[in-house]
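Before setting up any calculation on a model, I would like to go through it in questions and answers. Could we take the whole chain and then its details?

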Amino acid sequence: MFQNPFSAEGRIGRLEYFISHVLVQIGSYGLGYLLGYIGLTDGMTYGLAWLYIPSIFIWIWLLMQGAKRCHDRGNSGWYQIIPFYGLWMIFAPGDEGDNAYGPSPN
C-alpha cells in the first residue's frame with residue numbers, strides 16, 4: 001500500500017484498497033472533529049486553506065490506489081470514473097495469476 005504510493009503501476013488486492021479508503025475516512029473525520037472541537041470550523045474558514053495542499057496529495061494517492069485496483073481486475077485505471085465502480089472494486093475478486101499489469105498481489 002505504501003510502496004510507490006503515487007505510482008499507478010502494479011496491482012493491489014481488495015483488502016489493501018479497502019484499508020486505504022478507511023484510513024482516509026478516519027483521518028478526515030478525525031481532523032474535522034478536531035477542528036470543530038477547537039472552534040476553527042465556525043462559518044467560512046478561509047484561514048484553513050493550508051489544509052487543501054495535503055488533501056490534494058490524498059486525492060492523488062486514492063486515485064493511484066484505484067488505478068492499481070482496476071489493474072488487478074484487468075481493466076484500465078480509467079474504469080474508476082464509472083459511477084459505483086469503486087464500490088464494485090471492494091467486493092469483486094481480481095484476476096488470478098499474472099495479467100497485463102503485473103503479477104498477482106497475493
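The questions below go from the chain as a whole to individual residues.

Reader: What kind of model is this, and how are its residues numbered?
Author: Residues are numbered from 1 along each chain as its sequence is written, and side-chain values use heavy atoms, with hydrogens and water left out. Local features need pLDDT of at least 70, side-chain atom pairs count only at pLDDT 80 or more, and totals for chains, interfaces and linings use all residues, because this is a predicted model.

Reader: What pLDDT does the chain average, and which element has the highest mean?
Author: The score pLDDT is the predictor's confidence in each residue, from 0 to 100, and where it is low, the predicted coordinates should not be read in detail. The chain averages 84, and 88% of the residues score at least 70. Among the elements of the chain, helix 1 has the lowest mean, 86, while the highest, 91, belongs to helix 3.

Reader: How many helices and strands does the secondary structure come to, and in what order do the elements run?
Author: Helices (H or I, at least four residues) and strands (E, at least two) are taken as DSSP runs and numbered from the N terminus. On that basis the chain has three helices and zero strands. From the N terminus on, the order is α-α-α.

Reader: What share of the residues of the chain count as buried, and what area does the chain expose?
Author: A residue is buried under 20% relative accessible area, exposed over 50% and partly exposed in between, with a 1.4 Å probe and protein chains only. Of the 106 residues, 25% count as buried. By the Shrake-Rupley method with a 1.4 Å probe, where for residues only the protein chains shown count as cover, the chain exposes about 7,500 Å², of which carbon and sulfur atoms supply 68%.

Reader: How far apart are the end C-alpha atoms of helix 2, and what should its residues span?
Author: The expected span of a helix is 1.5 Å times one less than its number of residues. For the 21 residues of helix 2 this should come to 30 Å, and the end C-alpha atoms agree, being 30 Å apart.

Reader: Why does aspartate 72 count as buried, and what is the relative accessible area of arginine 69?
Author: Aspartate 72 counts as buried because its relative accessibility is 4%, and its contacts, not counting residues up to four places away in sequence, include Ile12, Gly94 and Pro105. Arginine 11 is buried as well. Arginine 69 is also buried, with a relative accessible area of 0%.

Reader: Where is glycine 94 found, and how far in space is it from isoleucine 12?
Author: Glycine 94 is in the segment after helix 3 and is partly exposed, with a relative accessible area of 26%. Leaving aside neighbours within four places in sequence, glycine 94 is in contact with Arg69, Asp72 and Arg73. From isoleucine 12 it is 82 residues away in sequence and, C-alpha to C-alpha, in space 8.8 Å.

Reader: Is phenylalanine 84 buried or exposed, and what is its phi?
Author: Phenylalanine 84 is found in the loop between helix 2 and helix 3 and is exposed, with a relative accessible area of 72%. Although phenylalanine 84 is not a glycine, its phi is positive, at about 65°.

Technical notes: Contact means heavy atoms within 4.5 Å.
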